[in-house]
Amino acid sequence: MPTLHEVQHAFSATLRGGGDGDLADWVVADDFSAAERLLIYRNSSRSVTVEVLRMTYPAVDRLIGRDFFELSAERFCAAHPPGSGYMNEYGGEFADFLAGLPEAAAALCYLPDVARFEWALSCAANAGDATALDLPSLTAIDPEQHEDLRFEPHPSVRLLELDYPADAIADAVLAGDDDAIAAIDLASRPVRLVVGRGPDGVDARRLTPSENDFARRLFAGERLGEILQSAGPDGAAWLADHFVNGRLSGFRIECAANGAVVP
Amino acid sequence: MSVSLHGLPGPIPASAGIGLRFPHHDAVLAEKPCVAWLEVNPENYMGGGKPLAYLDRIRRDYPLSLHGVGLSLGSADGLDATHLTRLRCLADRVEPGLVSEHLSWSAIEGVHFPELLPLPLTEEALAVVCRNVETMQNFLGRRVLIENPSSYLRFCHSTIPEWEFIAAVARDTGCGILCDVNNLYVSACNHGFDPRCYLQTLAPDTVQEIHLAGHKLRRFDDGRAIRIDDHGSRVAAEVWALYREAVNRFGWMPTLIEWDTEVPPIAVLLDEAAKADRILATEPAHADAA
């Protein structure tokens with residue numbers, strides 16, 4: 001008699017596309033064979049997982065079509081099955097997987113970047129809540145300490161650097177806007193983006209190289225004085241943009257000599 | 001309606017409720033439909049952002065139950081501590097009247113399947129499920145309910161009928177039973193047992209909630225047929241008949257209408273809930289445990 005672990009190990013292999021193996025011998029066969037009964041579970045599990053990916057990657061789905069998306073998603077599921085019952089965190093490796101598919105890479109060089117963009121949107125939508133910094137908490141800080149501020153990004157914030165204009169491609173494809181699709185300049189690369197969930201929902205905004213460098217250092221918790229000094233006259237406006245769009249959720253005051261004050 | 005310590009609507013009443021799905025969030029907030037309670041899958045609210053904000057607002061107006069689908073109580077490996085922690089965070093936040101999960105498994109060796117998979121019904125599996133249910137109850141600090149799943153296969157080495165298995169889990173862990181009458185009917189048809197005998201085996205004081213949903217009869221050209229629990233249609237007449245028998249045995253009971261595929265306008269779910277309420281009203285309030 002197989003142990004429970006042996007049954008579950010074999011069932012897992014079957015659901016991931018392996019053969020039924022010993023499992024078929026352990027299943028009651030009557031009007032329906034063991035293989036037919038196992039197929040019900042295999043089809044259902046595969047169908048749900050593919051639909052989870054389709055909801056996360058709607059623009060990829062439109063770009064490659066339902067059938068090829070399903071085929072790609074099934075192969076992805078076999079190689080990268082879900083790791084937890086919280087399915088919103090499933091599918092982060094899909095972009096790299098698509099990049100390794102010769103059929104997709106040859107026809108649509110920008111496909112992996114569109115997937116990276118959609119994954120960032122999904123992460124932003126589902127990230128944990130955190131209270132965005134408000135004006136009173138900042139105005140209460142002694143101006144002499146402003147240079148020692150180190151900010152924490154909101155959990156939804158992601159910075160992307162993509163080879164192709166994936167944001168414009170995804171927007172145009174999902175809108176079915178042929179004129180916008182035709183106007184996309186694939187040579188306009190790289191594209192730098194900040195993605196986050198602000199007061200009005202999930203938002204993606206393009207950044208210049210200087211803005212991107214500023215944001216990367218800001219979100220890494222570097223000392224504000226040094227970031228602003230490198231940024232030049234536009235730094236204050238860039239900081240204000242992150243603030244009003246809810247991309248900052250905390251700060252600490254820490255001078256270079258490591259004297260930390262946590263508000 | 002009674003309220004909790006924090007002013008939220010209180011326990012789940014012995015009336016019909018509906019499973020809340022994303023397409024109905026706006027309708028529930030805008031129209032505040034007349035339904036006694038709501039149930040959600042916690043896995044849909046374990047992140048932050050819009051879904052959780054919706055749930056917080058809806059919770060102010062309705063008693064709420066959390067019905068998990070991702071904990072995998074039958075896993076030989078034990079429970080996923082991260083998933084359990086997420087469940088507790090949500091439960092602490094929304095103070096649900098009931099928390100439930102399934103008599104099934106979905107994870108092994110770090111791989112999770114979005115499916116309620118069948119267990120071999122053996123003494124070993126019973127010990128595993130009881131251990132995992134006790135872990136869940138201790139971690140959440142509350143009694144939970146365990147639901148009988150629909151199934152499409154049985155294992156040759158099963159030694160315990162499902163009705164005795166789930167009754168033993170309730171007896172050994174102190175958990176309650178969520179009797180899904182549709183699942184019971186689907187499994188009974190697929191495996192050829194009498195669903196009425198199943199109902200008669202369950203001790204009335206252990207059953208704390210009933211689920212109702214639609215299912216699909218899939219016929220093959222060679223005359224064979226199998227019932228698939230797809231939650232995509234109205235409750236079947238045979239399931240309503242079995243529900244009457246369940247209410248007659250268990251008494252008035254929180255009863256949920258579930259609908260997960262091809263979700264219709266909320267009015268359809270409310271209509272099904274009203275039908276369940278009419279049946280509840282015609283049956284005795286308390287079970288005859290004899």
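**Figure 1. Helix 12 and helix 14 of chain A cross in the right-handed sense.** The model shown here and in the other views is predicted. Helix 12 of chain A covers residues 209-219, and helix 14 of chain A covers residues 235-244. Their axes come within 11 Å and cross at roughly 60°. Angles of 65 to 115 degrees would count as roughly perpendicular, and those under 35 as roughly parallel. The angle therefore makes helix 12 of chain A oblique to helix 14 of chain A.

**Figure 2. Residues where helix 12 of chain A meets helix 14 of chain A.** Helix 12 of chain A brings E211(A), F214(A), A215(A) and L218(A) to the contact. From helix 14 of chain A come G235(A), W238(A) and H242(A). By class, the contact has four nonpolar, two polar and one charged residues. An α-helix has 3.6 residues a turn, so residues three or four places apart point the same way.

**Figure 3. The side of chain A that touches chain B.** Here 39 residues of chain A are in contact with 38 residues of chain B. On the chain A side, the elements that give two or more residues are helix 1 (4-15), helix 3 (34-56) and helix 8 (111-126). Helix 3 of chain A gives the most, with nine residues. By class, this side of chain A has 21 nonpolar, 14 polar and four charged residues.

**Figure 4. Helix 6 of chain B is mostly covered.** This helix spans residues 181-191. Eight of its eleven residues are buried. They are V181(B), N182(B), N183(B), L184(B), Y185(B), V186(B), S187(B) and N190(B). These buried residues pack against strand 8 (176-180), helix 7 (195-201), strand 9 (207-212), strand 11 and helix 8 (237-250) of chain B. Just after helix 6 of chain B comes G192(B), with a positive phi of about 75°.

**Figure 5. A hairpin of strand 10 and strand 11 in chain B.** Strand 10 of chain B holds residues 216-219, and strand 11 of chain B holds residues 225-228. The two strands pair in the antiparallel sense over four bridges. L217(B) has R227(B), in strand 11 of chain B, as its bridge partner. Five residues lie between the strands. In the turn, G223(B) has a positive phi of about 95°. Strand 11 of chain B is also one of the elements against which the buried residues of helix 6 of chain B pack.

Definitions and conventions
Residues are numbered from 1 along each chain as its sequence is written. Chains are lettered from A and ligands numbered from 1 in the order in which they are written. This is a predicted model: local features need pLDDT of at least 70, side-chain atom pairs count only at pLDDT 80 or more; totals for chains, interfaces and linings use all residues. Two residues are in contact if their C-beta atoms, placed from the backbone, lie within 7 Å. Ala, Val, Leu, Ile, Met, Phe, Trp, Tyr, Cys and Pro count as nonpolar, Asp, Glu, Lys and Arg as charged, and the others, Gly among them, as polar. Two strands pair if DSSP finds at least two bridges between them. Axes are lines fitted to C-alpha atoms, for helices over the stretch in contact, and angles run from 0 to 180 degrees between N-to-C directions. Angles under 35 degrees count as roughly parallel, over 145 as roughly antiparallel, 65 to 115 as roughly perpendicular and the rest as oblique. A crossing is left-handed if the near helix is turned anticlockwise from the far one by less than a right angle, and right-handed if clockwise. A residue is buried if 20 or more other C-beta atoms lie within 10 Å of its own, exposed if 12 or fewer, and partly exposed in between; C-beta atoms are placed from the backbone.
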